[in-house]
Structures are given as C-alpha cells and as structure tokens.
Amino acid sequence: MKDAGMMTSMNRAANKVFLYSECKTEANHGRWRFVLRDADGSTRLVAEHVEPAVGPDRLELLSVVRGLESLDTPSQVTLMTSCSYVREGIRHGLAQWRSNGWRWERFGEMVPVKDLDLWQRVDRAMQFHQVECRTYRIDPPHRNGVGQPVPSGRIHRHPYLRRREPRVKWFSVRRGLQYFLSWIAGWLPRRALGGVP
C-alpha cells in the first residue's frame, strides 16, 4: 500500500501542469475557457464552450471542473484563476462541506452548498490530483479619452495602485502666511502703544 502511495506521489511530481481558467458573461449566455500547459510552457489542451443563462461563478467553476477532468493521469496542478469563489472553495470550503454532508450555514440554518454538483466533481478530481490555487487578474486595455488604446510603450498603472504623493496646496500656504503677516502687522502697533503686553 505504501508503494502505491509513493508511486502516485511520483506520478504527480512528474506531471506538473498549469490550468488557466477564465469566463466571460454576456447578456443571455456565458463562455468558459480553460488552457492546460505543461511545466515547460507548451500548450497541452485548450477548450471553450458557451453556456446559456449561467452566472460567472458557476461558469468559472465549470471551467475548472472540465480542466481537471481532462487530465488522464494524476497530476500536480497549479490552478490560475481570478475568481475568489473558486479559490476560497478549493482552499477552505471543500473539506468543511464534505464533513457537513455538503451543507453550509446560511443565515442560521444549514442549506445545500451552492453549485453542489460541480463542487462534488471538483472534490472527486482532487482525489487524483494535487491542486494549488494561484490568483491572476487580467485588466482590459487602457484607453485614452478618444477611445483608442494607449500606445504600448507607455506603462500605465491603475489609479488606486499609484503611490500617493503628498500634495502641498499652495493657496492654503499663501492664505496662512497672509493671515500671519496681517496678525503681526496689527500686533506690532498695539505693542508699541502699550496696549498688548
């Protein structure tokens, strides 16, 4: 029995793959897509499909399920996803849901897990594959005021990620200085007259 476990671990180590999962929703349908790459970067498999009236979380989870189920040997899978629903479910949810009979507490009562059928398929696939989740984010291309893409030679950062520089408001400094000088100008004559100690 030990030898079988060691062989499975060796097979997983030998079969390192990257699974990239993504989805896109439109008015009345959604599109899921996954890409499987070997550790050397070569593409092993690309698959995509359109699903009618499906939300983005289920689409992303469906992409992951199809990607894991397409592997024919036990593998060490690095899952690249931008979906926190999938990431947190794999990292923290599966073990708890399994122990609770695939139910979770919602507003004080135990209810079935959302997308139960797909989560059970992920759980089954993870009996064969070792899955590690990583997060990636793809931003749409930045555009200038006219709607044209920004030239690729310029690097643009998201406004919330820019380092906040301290800004000196010169009009405030000028007003403060003027107030101080007017106070001094009023104080000096009074002092000279003996009105102010």
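Trainee: Which strands make up the open sheet, and in what order do they stand?

Mentor: The open sheet has 5 strands in the order S3-S2-S1-S4-S7, and its pairing is mixed; helices (H or I, at least four residues) and strands (E, at least two) are DSSP runs, numbered from the N terminus. This is a predicted model, in which local features need pLDDT of at least 70 and side-chain atom pairs count only at pLDDT 80 or more, while totals for chains, interfaces and linings use all residues. Residues are numbered from 1 along each chain as its sequence is written, and side-chain values use heavy atoms, with hydrogens and water left out.

Trainee: Why are H3 and H4 called roughly perpendicular to each other?

Mentor: The axes of helix H3 (residues 84-99) and helix H4 (residues 116-125) come within 11 Å and cross at roughly 85°; axes are lines fitted to C-alpha atoms, for helices over the stretch in contact, and angles run from 0 to 180 degrees between N-to-C directions. Angles under 35 degrees count as roughly parallel, over 145 as roughly antiparallel, 65 to 115 as roughly perpendicular and the rest as oblique, and H3 and H4 are therefore roughly perpendicular.

Trainee: How do you know that H2 and H3 are oblique to each other?

Mentor: H2 and H3 pack at an angle of about 55°, with their axes 9 Å apart, and the two helices are therefore oblique to each other. Their contact (heavy atoms within 4.5 Å) is made by Asp57, Glu60, Leu61 and Val64 of H2 and Tyr85, Val86 and Ile90 of H3. These residues divide into 5 nonpolar, no polar and 2 charged, where Ala, Val, Leu, Ile, Met, Phe, Trp, Tyr, Cys and Pro count as nonpolar, Asp, Glu, Lys and Arg as charged, and the others, Gly among them, as polar.

Trainee: Where do H2 and H3 lie relative to the strands?

Mentor: H2 lies across S1, S2, S3, S4 and S7, running at about 150° to S1, whereas H3 lies across S4 and S7, at about 140° to S7.

Trainee: Why is serine 75 called buried?

Mentor: Buried means under 20% relative accessible area, exposed over 50%, and partly exposed in between (1.4 Å probe, protein chains only). Serine 75 has a relative accessible area of 0%, so this residue is buried. Its place is in the loop between helix H2 (56-69) and strand S4 (76-81). In the chain of 197 residues, 24% count as buried.

Conventions. Two strands pair if DSSP finds at least two bridges between them.
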